[in-house]
Amino acid sequence: MTQPSFLNGKKVAFIHIVGVAYFFLATFGVVYSCIFIAYPVLYIEPKDIQWRSICLIYVFINIIGNYFLGILNKSNYAPGIQVTDPPKSWKFCSVCDRYCPPRTHHCEICKACILKRDHHCFFFCQCVGLRNQRYFIPYTLYVALGSLHAMYILTAYLNMKYVTFKFSIYAILSYTLPGIVYNWVYTYGNITLTTASCILLLYLLFSAGFGSLFLFLAQCFLLVRGQTPYEYHKNIHIFNHGVVTNLTQVFGRFWFLHFLIPFPPNILSKQSILPCGTSNYKDV
Ligand SMILES: [Zn+2]
Ligand SMILES: [Zn+2]
């Protein structure tokens, strides 16, 4: 799979900066706005605020942990040695000028061959593939959970502190930029910097929440079928070995633990996980 050539270095760097800024703004914005702004307004009992805050911090740990583990564990194919007599299943990458294992595809943005390439992620600033897909999937799950929960909380907060959500022109316009400015000028404090920030965050969370949910479901769909997006489009099924084996190939034997807490590599599985069909390939 190749990316369109209009993505030159500067554009890619800019999109990566926007992606990372979006991620950190939304993530830290959710934690701050829920724990310090919305929960104390919506819930009276300190216990209600405490257990909700603990749950949100647990989600936050999973998001940040999987994010950094995903970034640190690149899926680039960097063998260090030139393979001159590769197995028949290996193919030649004309850009890198070397043979690569099956399921490896060149990424023009990363400028590298990626093992079991899934897609290029502009939030991770690199490709998702063999070594970091096990972090990307729980990451999308927890981003979706955190975003959808925060949307619910912020909606309830704004409903109470700003303009009631209902199907009226005034209510709908009040949640757009012109409506916010109008309310700021003419209603003398009906809207504060806090409520304006919450509305902005609500927009970020809408795209982050539903986008992540879609990505998570798409990843689960491909995971169960033992395919990458490339193999799905090319209708390739030779790497499908049943749901449990497919899960194990991505996450290791204790696959379910990755959905509870982010684990660094080699803690749950001593052997590095290799792409199916590459038993004669040593990950050096
Ligand atoms: Zn390549
Ligand atoms: Zn890439």
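**The whole chain**

Begin with the entire protein chain displayed as a cartoon, and keep in mind that this is a predicted model. Turn the view along the principal axes, where the C-alpha trace spans about 75 × 45 × 30 Å. Of the 284 residues, 31% count as buried. Among the contacts between residues at least 6 apart in sequence, 62% join residues at least 24 apart.

**The largest nonpolar core**

Next, select Ile114, Tyr139 and Leu154, which have the most contacts inside the largest nonpolar core, a group of 44 residues. Two or more residues of this core come from each of helix H1 (9–42), helix H2 (46–72), strand E4 (112–114), strand E6 (126–128), helix H3 (133–161) and helix H6 (193–225). H3 provides the largest share of the core, 13 residues. Now keep Tyr139 selected and look at what surrounds it: leaving aside residues up to four places away in sequence, Tyr139 touches Ile63, Asn66, Tyr67 and Gly70.

**Two helix pairs**

Two packed helices are described by the angle between their axes and the distance between the axes.

Show H3 together with H6, whose axes come within 7 Å of each other and cross at roughly 150 degrees. How are H3 and H6 oriented to each other? An angle over 145 degrees counts as roughly antiparallel, and H3 and H6 are therefore roughly antiparallel to each other. The crossing of H3 past H6 is left-handed, and the contact between H3 and H6 has 20 nonpolar, 6 polar and 1 charged residues.

To see the contact, select residues of H1 including Val30, Ile37 and Leu42, and residues of H3 including Gly146, Leu154 and Lys161. By class, the residues in the contact of H1 with H3 divide into 12 nonpolar, 2 polar and 1 charged.

**Single residues**

Move on to Asn246, which lies in helix H8 (residues 243–251). Is Asn246 buried or exposed? Asn246 is buried, because 20 other C-beta atoms lie within 10 Å. Not counting residues up to four places away in sequence, Asn246 touches Leu223, Val224, Gly226, Asn240 and His241. If you also select Phe167, you can check a distance in the viewer: Asn246 and Phe167 are 79 residues apart in sequence and 47 Å apart in space, C-alpha to C-alpha.

End the tour with two loop residues. Lys111 sits in the loop between strand E3 (105–107) and E4, and although Lys111 is not a glycine, its phi is positive, at about 55 degrees. Lys111 counts as exposed, with 12 C-beta neighbours inside 10 Å. Cys125 is found in the loop between strand E5 (119–121) and E6, and its phi is near 60 degrees, a positive value in a residue other than glycine. Cys125 is partly exposed, with 17 other C-beta atoms within 10 Å.

Terms used. Residues are numbered from 1 along each chain as its sequence is written. Chains are lettered from A and ligands numbered from 1 in the order in which they are written. This is a predicted model: local features need pLDDT of at least 70, side-chain atom pairs count only at pLDDT 80 or more; totals for chains, interfaces and linings use all residues. A nonpolar core is a set of buried Ala, Val, Leu, Ile, Met, Phe, Trp, Tyr and Cys residues joined through C-beta atoms within 7 Å. Helices (H or I, at least four residues) and strands (E, at least two) are DSSP runs, numbered from the N terminus. Two residues are in contact if their C-beta atoms, placed from the backbone, lie within 7 Å. Axes are lines fitted to C-alpha atoms, for helices over the stretch in contact, and angles run from 0 to 180 degrees between N-to-C directions. Angles under 35 degrees count as roughly parallel, over 145 as roughly antiparallel, 65 to 115 as roughly perpendicular and the rest as oblique. A crossing is left-handed if the near helix is turned anticlockwise from the far one by less than a right angle, and right-handed if clockwise. Ala, Val, Leu, Ile, Met, Phe, Trp, Tyr, Cys and Pro count as nonpolar, Asp, Glu, Lys and Arg as charged, and the others, Gly among them, as polar.
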